[in-house]
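Please examine the sequence and the structure shown here before reading on.

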Amino acid sequence: MKILFDQIALMYEDGHTESNMYLAVENETISYIGKNKPFGAFDRIISGKDKLLMPGFYNCHTHTPMTLFRGYAENLTLSKWLHEKIFPAEDKLYPQAVSIATLLSTAEMIKNGTVAFSDMYFFCEDIIEATVASGLKANISRSTVAFDPNITEKTDDRFKESIKLYEKYHNYANGRIKIDMSIHAEYSTVPASCHYISDYALDKGLPIHIHLSETKDEHMACIEKYGVTPTQFFEKNGLFRVPVIAAHCVHLTDDDMKIMAANGATAVHNPASNLKLGSGVARLENLLAANINVTLGTDGAASNNTLDIMKEAYLAAILQKGITGKTDSMQSGTFVRMLTENGAKMQGRVDCGKLAVGAKADLVMLDFDMVHVMPIYHYCDAFLYSANSSNVVMTMVDGNILYENGEYMTLDIEQIKFQFRQVTKNYFDR
């Protein structure tokens, strides 16, 4: 399949924009970018009038089945939210519910311009198969917890599940699915599990996805228990020998940031979830100044309540201005890179997250002929501060159009909504 975007504005991963450009896609990759129309026949030519084309977005921390619990547990602290509402609700999960909830989540993300996500949960095989059906890319990790200090790799059933996932699904679906390792958090693990999980990750060259210093209580409890911060706990127990994907990072110290930077870790900023659960706001300016790879995540729909990654970029930008009082320390292009190239880097997708010849054609097209973005003086600023996910008119992954002008190409959205309603109707009566 050969597709040509004709005289369209292109926004690159750094926020730089060029107008009246041509971009060609051949099969899975971008085959041409230039000012002159390329020669040759195309299966389809797409007009770029009033449109913006850019790399697709990465949702770098979420729990896709949790759309089941959207709106179920509101106005609570994280501890009460988890222990009084979410954990009991998760005890009722079953494969069909996870599958249909994941399909609904992928539909929401596709509509919002997301091309790839990183998920930490359980029932992972059901998540993977639903994701493959949607056409999205994903890094999937089986969340592991451990409370027995004497646990071993031979007695840890969750770790065994992770190994089976890796052996069956790593680079599955033409590389769209990758398997990461995961440790839920410092407060839900023990040193022994950190060692054998990180040993395995090191041997296989895999990242480890964790929650890190999400709340002040979590952060301070670790210091009281171990005499070190959660970051220092994980460093001491071997995790930072591999790339760590650290979600939240709200209460990191300066020394924590130095550890992350020195070991090539990624901080996933989740502003909406952290605000809603009263956890605080990560020090984004400091994370960037420490040369840490920073990405954006929605967290699950139970705490957000959407999977709209464009909203996260907007929140991240305005929050830092309000908190620091600095309006010029982070330019709009910084947040475009968080949405695109930084996410691809975190997921280990070196040929993704950018507009370049030879890169995978993971693209999102936005309609800028809408009243809420007019006039357009600077495309990048208009994208960050004026546009929203309603501007998305096309999402493409590996050269395949998944969504265009309100129509899903890979999903039967009405059937998904019907099945989702059937699942949620009697879910809590189980």
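## The second largest cavity

The lining of the second largest cavity consists of 5 nonpolar, 2 polar and 2 charged residues. (Ala, Val, Leu, Ile, Met, Phe, Trp, Tyr, Cys and Pro count as nonpolar, Asp, Glu, Lys and Arg as charged, and the others, Gly among them, as polar.) Among these lining residues are Trp81, Lys276 and Ser303. A cavity is a set of points on a 1 Å grid over the protein atoms alone where a 1.4 Å probe fits but cannot get out, and lining residues have an atom within 4 Å of a point. The volume of the second largest cavity is about 30 Å³.

The model is predicted: local features need pLDDT of at least 70, side-chain atom pairs count only at pLDDT 80 or more, and totals for chains, interfaces and linings use all residues. Residues are numbered from 1 along each chain as its sequence is written, and side-chain values use heavy atoms, with hydrogens and water left out.

## The largest cavity

The largest cavity has a volume of about 40 Å³. Its lining includes Ala317, Lys326 and Phe335, and divides into 3 nonpolar, 2 polar and 2 charged residues.

## Packing of H2 and H15

Helix H2 (residues 95-111) packs with helix H15 (residues 413-425) at an angle of about 135 degrees, and their axes are 9 Å apart. Contact (heavy atoms within 4.5 Å) involves residues including Ile100 and Leu104 of H2 and Ile416 and Phe420 of H15. By class, this contact has 10 nonpolar, 1 polar and 1 charged residues.

How values were computed:
1 Å grid on protein atoms, 1.4 Å probe; cavity = no way out; pocket = protein on both sides within 12 Å on 5 of 7 lines; lining within 4 Å. Points joined across faces, edges and corners; volume = space filled by probe spheres on them. Axes fitted to C-alpha atoms, helices over the stretch in contact; angles between N-to-C directions. Helix = DSSP H or I, 4+ residues; strand = E, 2+ residues; numbered from the N terminus.
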